[in-house]
Amino acid sequence: MRVLWVCNQCIPAVAQHLQMNTGNKEGWLAGLSERILKEKDTELKLGICFPVNEEMADFKGEYEVTAYGFYEDRVNFHIYSEKLEDRFKEIIKDFKPDLIHIFGTEYGHTLAVCKAVDDPSKLLIGIQGLCSVYAKHYFDGLPESLIKSSTLRDFLKKDDIAKQQEKFVIRGEYEIEALSITKNVTGRTDWDKFHTSEIKRDVNYYFMNETLRSNFYEGLWDYKACEEFSIFVSQGDYPIKGLHILLEVLGKVKEKYPSVKVYVSGNKINGEDSLKKKILIGSYGKYINKLIKENKLKENIVFLGSLNASRMKERYLKSNLYLSPSMMENSPNSVGEAMLLGMPLISSDVGGVKNLLVDKEEGFLYDSLDRDALLALIEKVFEMNGSEEQKNMGLKAREHALKTHDADTNYQRLLEIYTGIVN
């Protein structure tokens, strides 16, 4: 069985040959590909397509898998490129897949693949987030003045907060068109099942959990080894991730816990990298800096930049609490990683998070815009520090996550889905 993956980024097994940085996003893709490549005797022949720079647009390589590159403008990713359809037709003709598995709907290349295929029954789209839904929550918790504001960077790039939301709307339209073409989707939450069925009533929905990065299955959080009163947030570079809500609350947390510290991984949006980035800061980054200044948090927040898997795990284990304050998510894999490590955990109760985490037994959930509830939960976790209750919650979370993200179970389920569609 020949299966072609279309991914938002290169998998580590290929990236090491090309000396590419895969960053800290979409760790589940690394976990799943690692599990597949462990099976030396499988009848599954895997090909993978991923975005590359323009010079590599026609790239093909033979490694553990057959790898193909395609060029997509990641600055103006809301602009659909018909040229991508031709590139995918070339790849499909060369690889001759029995099935094409597209991971995610966030970019225009998903629609391009769907249009390039003659037989939609060969398509399988894996739902990650849904731009068409995220667009409705892009302004959540933001003041009206920020939505209407613009910085020099925003003017030059035509990319202020309002335009960013418009781009999500456009990407959502491509997403809806792609989902209207495909016959098959995989999902893992009640949330994604509901929304995909709303878009296409007769779609074949296949449930499948995700396998996370392999290094997170080992190791266990220990209060004695963490930095007390520290909070880890894995992303915060655009409004959907909800960093602004946390910073509004953090000033009050600091009144009770003066040494509280928040570590944020991912793209640095506060302009501290260089003078150029400070001058060309975006509206959201400027607002984040404003909240830091108003709440006197300069010494209480650290922007870490992009972290690889080992450094991410190290940051989790060193932190007193993992927090996911997103305005909308499907099932954030960062929550799964924190659960695997058995650490204290708080998440906004959005999207499909309830399918990952049992509230008050394995961690805590709160309404994404309820600042008072978030404040109370952060203080509650800190008050539980070192207790048996805290330790037992973490162990329950780990036990749950080991089932949800079991690599062998998820691999077998993937093969069942592939076989069922192809045959």
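A cavity is a set of points, on a 1 Å grid over the protein atoms alone, where a 1.4 Å probe fits but cannot get out, whereas a pocket is an open set with protein on both sides within 12 Å along at least five of seven lines, and lining residues have an atom within 4 Å of a point. The structure shown here is a predicted model, in which local features need pLDDT of at least 70 and side-chain atom pairs count only at pLDDT 80 or more, while totals for chains, interfaces and linings use all residues. Residues are numbered from 1 along each chain as its sequence is written, and side-chain values use heavy atoms, with hydrogens and water left out.

**View 1. The cavities, of which the structure holds three of 30 Å³ or more.** The largest cavity contains about 120 Å³ of space, where a volume is the space filled by probe spheres set on the grid points, and these points are joined across faces, edges and corners. Its lining is made up of 14 residues, and those nearest the centre of the largest cavity are Phe 103, Gln 128, Thr 186, Met 208 and Glu 210. At least two lining residues come from each of α2, β5 (99-103) and β7 (184-187); helices (H or I, at least four residues) and strands (E, at least two) are DSSP runs, numbered from the N terminus.

**View 2. The second largest pocket, with about 360 Å³ of space.** This pocket has a lining of 18 residues, among which Tyr 71, Glu 72, Ser 81, Lys 83 and Leu 84 lie nearest its centre. Both β4 (66-71) and α3 supply at least two residues each to the lining of the second largest pocket, and α3 gives the most, with five residues.

**View 3. The largest nonpolar core, a set of 103 residues.** A nonpolar core is a set of buried Ala, Val, Leu, Ile, Met, Phe, Trp, Tyr and Cys residues joined through side-chain atoms within 4.5 Å, and buried means under 20% relative accessible area, exposed over 50%, and partly exposed in between (1.4 Å probe, protein chains only). The residues with the most contacts inside the largest core are Phe 88, Ile 231, Ile 346, Ile 378 and Phe 382, and the largest share of this core, seven residues, is provided by helix α10 (residues 243-256). A second, separate core has 31 residues, including Phe 50, Ala 67, Phe 103 and Tyr 411.

**View 4. The surroundings of Phe 88.** When its neighbours within four places in sequence are left aside, Phe 88 is in contact with Val 6, Cys 49, Phe 70, His 109, Ala 112, Val 113 and Ala 116, contact meaning heavy atoms within 4.5 Å.

View 5. Arg 35 is buried at 8% relative accessible area, whereas Asp 408 is partly exposed at 42%.

View 6. Cys 114 is buried at 3% relative accessibility, and Cys 131 is buried with a relative accessible area of 3%.

**View 7. Positive phi values at Phe 229 and Lys 360.** Phe 229, a residue other than glycine, has a phi near 65 degrees; Phe 229 is found in strand β9 (residues 227-233) and is buried at 15% relative accessibility. Lys 360 has a phi near 70 degrees and lies in the loop between β13 (345-348) and β14 (364-366), where Lys 360 counts as exposed at 60% relative accessibility.
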